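Reader: I have a new model to go through. Can you walk me through the packing?

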Amino acid sequence: MSLTATAPVRALDTGALRRHWPLLPLAATVLFLLAPLPAGDATASGKVGPADAASLLLALVCGIQALRGRVRTLSPLGVLVLGAPGVGLAVSTMTAGDPYAALPGFVRYLQVFVLVPAAVVLLVRDAREFRIAAGCFVVLALVQGAVGVVQYATGTGASYQGANVRAVGTFGPGDVMGMATVVAYGLVVATAAALAPGLPKRIRRTAGACALVLVVPLVLSFSRGAWIATLGAAVLVMAMAGIRRALRVLVALAALGVVLVGGLGVGSEMVAERLTSITQVSSAPDQSVTDRYTMWAAAESMWRERPVAGVGLKGFPAHRDGHSSLGLSSGSDTAGAGQAFIKQPLLSPHNMYLLVLSEQGLIGLLALAGGWAALLVAGLRRCAVGADRAVRDCGLIATGLFVWQLTDFLYADIGGPSTVLTGVIIGLAAWWALPSPGFAADTDTDTAAGTAAGTRTGSVPGHGPLAAEGPAGR
């Protein structure tokens with residue numbers, strides 16, 4: 001190939017790197033969760049980890065790009081949905097009994113529900129960058145899932161029914177939901193990509209294979225909540241993709257289940273017992289279910305005491321005993337995966353909506369849940385009437401992940417290293433549901449840059465002019 005022929009290619013490669021570099025902190029926010037927690041440290045989930053540091057860098061990069069005018073333009077609805085939670089958080093912090101004790105909660109909520117989602121919405125400029133971000137979830141899920149399967153096979157996982165067989169990945173027994181959560185995220189992304197009509201057949205087949213593989217570690221996590229949320233999100237994605245495609249996926253999943261549980265006996269007795277326990281939450285609940293119901297009642301009691309602004313951020317643990325019955329245990333037992341026996345205190349109601357209601361009152365719940373409802377309705381509407389075939393995969397992924405998260409919030413809340421991914425998911429959902437005025441989501445900025453190679457200016461539809469930075473535009 002001549003020098004003349006290779007010059008545009010080199011310009012395109014250089015330009016692609018320069019255009020997509022703001023995505024590096026976003027990818028790091030997801031992939032840094034591959035780093036293992038310190039062995040035996042059950043409290044590591046409450047500390048600032050590498051993924052949290054990457055998310056702060058993501059917000060900083062977003063601020064710099066915003067000052068340079070190189071981010072998306074938000075609609076008034078987008079500003080309201082992304083900014084309202086900050087107002088509710090400020091009110092809850094100022095009205096708390098001890099505002100200084102509530103300050104760490106304010107920072108954490110601001111990170112997860114305001115800064116990270118806003119950064120994702122503003123920095124992800126087109127469908128290609130959206131797919132890069134979504135692909136990071138699949139990579140994370142595959143690696144964590146592989147670690148979990150090895151833990152089950154070798155008996156080195158977290159303790160479950162007296163045996164160290166529970167797959168927890170690198171999160172350890174102090175965060176037994178961590179691996180289940182990230183594997184479920186990857187499974188939803190892979191399922192949506194496998195069903196997307198606009199993606200190449202090779203990518204759809206690879207995504208389908210990844211989805212089938214990820215079923216195994218999800219089952220071995222023995223997480224009832226993750227199972228329910230994944231089933232609900234997958235069914236919705238399949239329904240939006242079409243009945244014919246959905247039937248093929250269901251047949252493949254049923255065959256895999258028969259082979260794994262029926263034929264190979266992978267956790268058959270434990271899985272069956274766990275599935276049965278889902279239907280026994282009222283007739284014969286285990287202690288974990290009893291504790292959850294007790295904490296739900298305590299959260300409701302706190303809200304009734306202070307219905308407008310709640311008891312304040314981080315206030316649930318301090319008010320728990322005064323609103324709980326004697327049926328509440330002293331904590332949950334954790335062991336295995338390199339950790340000695342530790343009793344973890346119960347510091348939240350394990351229901352995000354009730355946690356917000358008890359600590360932030362109606363103001364906080366309307367600001368957060370109201371915005372989530374608006375994003376869900378707008379995202380579903382765009383999938384139904386306004387999505388081009390070329391970007392339909394982005395809608396399926398964003399909606400599937402968001403529905404998974406909203407379902408999971410019915411029996412879980414924020415906590416642990418994987419919490420930062422909640423902000424990324426809300427950001428992806430908002431990116432899909434709230435496109436910028438004139439924004440073309442299927443624009444391939446690399447192709448546009450290749451066309452503009454040799455010039456000193458360029459533009460991306462919906463994002464305004466790009467400043468000259470080199471031979472490829474930006």
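Author: Let's start with a helix pair. Helix 2 passes helix 16 in a left-handed crossing. Keep in mind that this is a predicted model.

Reader: Which residues of helix 2 and helix 16 make the contact?

Author: On helix 2, they are L26, T29 and V30. Helix 16 brings V420, L421 and V424.

Reader: How do the residues of that contact divide into nonpolar, polar and charged?

Author: The contact of helix 2 with helix 16 has 5 nonpolar residues, 1 polar and no charged.

Reader: And the geometry? At what angle do the axes of helix 2 and helix 16 cross?

Author: Roughly 135°. The axes come within 9 Å. Helix 2 covers residues 23-31, and helix 16 covers residues 419-433. That angle makes helix 2 oblique to helix 16.

Reader: Next pair. How do helix 6 and helix 15 pack?

Author: Their angle is about 40°, with the axes 10 Å apart. Helix 6 spans residues 127-154, and helix 15 spans residues 392-408.

Reader: Why are helix 6 and helix 15 called oblique?

Author: Angles under 35 degrees would count as roughly parallel. Helix 6 and helix 15 pack at about 40°, so they are oblique to each other. Their crossing is left-handed.

Reader: What makes the contact between helix 6 and helix 15?

Author: A127, F130, R131 and A134 come from helix 6. D393, C394, I397 and A398 come from helix 15. By class, this contact has 6 nonpolar residues, no polar and 2 charged.

Reader: C394 is in that list. How many disulfides does the whole structure have?

Author: The search finds 0 disulfides. Take C383. Its closest cysteine sulfur is in C394, 9.9 Å away, which is too far for a bond.

Reader: Is C383 buried or exposed?

Author: C383 is buried, at 7% relative accessible area. C210 is buried too, with 17%.

Reader: Back to helix 15. What does L406 touch?

Author: L406 is in helix 15. Leaving aside neighbours within four places in sequence, L406 contacts Y353, W372 and L376. The C-alpha atoms of L406 and Y353 are separated by 9.4 Å. Along the chain, those two are 53 residues apart.

Reader: Buried or exposed, that L406?

Author: Buried, because its relative accessibility is 14% and the cut-off is under 20%.

Reader: New topic. Where does R125 sit?

Author: R125 is in the loop between helix 5 (99-123) and helix 6. At 4% relative accessibility, R125 counts as buried.

Reader: How far is the C-alpha atom of R125 from that of S436?

Author: The separation is 9.8 Å. The two residues are 311 apart along the chain.

Reader: One more residue. What is S92 in contact with?

Author: A309, G312, L313, E359 and Q360, leaving aside its neighbours within four places in sequence. S92 belongs to helix 4, residues 76-94. Its relative accessible area is 1%, so S92 is buried.

Reader: Zoom out. How many helices and strands are in the protein chain?

Author: There are 17 helices and 6 strands.

Reader: And what share of the residues is buried?

Author: Of the 474 residues in the protein chain, 51% are buried.

Reader: Last one. What share of contacts joins residues at least 24 apart?

Author: The share is 77%, among contacts between residues at least 6 apart in sequence.

Key
Residues numbered from 1 in each chain as written. Predicted model: local features only at pLDDT ≥ 70, side-chain atom pairs only at ≥ 80, totals over all residues. Heavy atoms only, no water. Axes fitted to C-alpha atoms, helices over the stretch in contact; angles between N-to-C directions. Helix = DSSP H or I, 4+ residues; strand = E, 2+ residues; numbered from the N terminus. Parallel < 35°, antiparallel > 145°, perpendicular 65-115°, else oblique. Left-handed = near helix turned anticlockwise from the far one by under 90°. Contact = heavy atoms within 4.5 Å. Nonpolar A, V, L, I, M, F, W, Y, C, P; charged D, E, K, R; others polar. Disulfide = S-S within 2.5 Å. Buried < 20%, exposed > 50% of the residue type's maximum accessible area, 1.4 Å probe, protein only.
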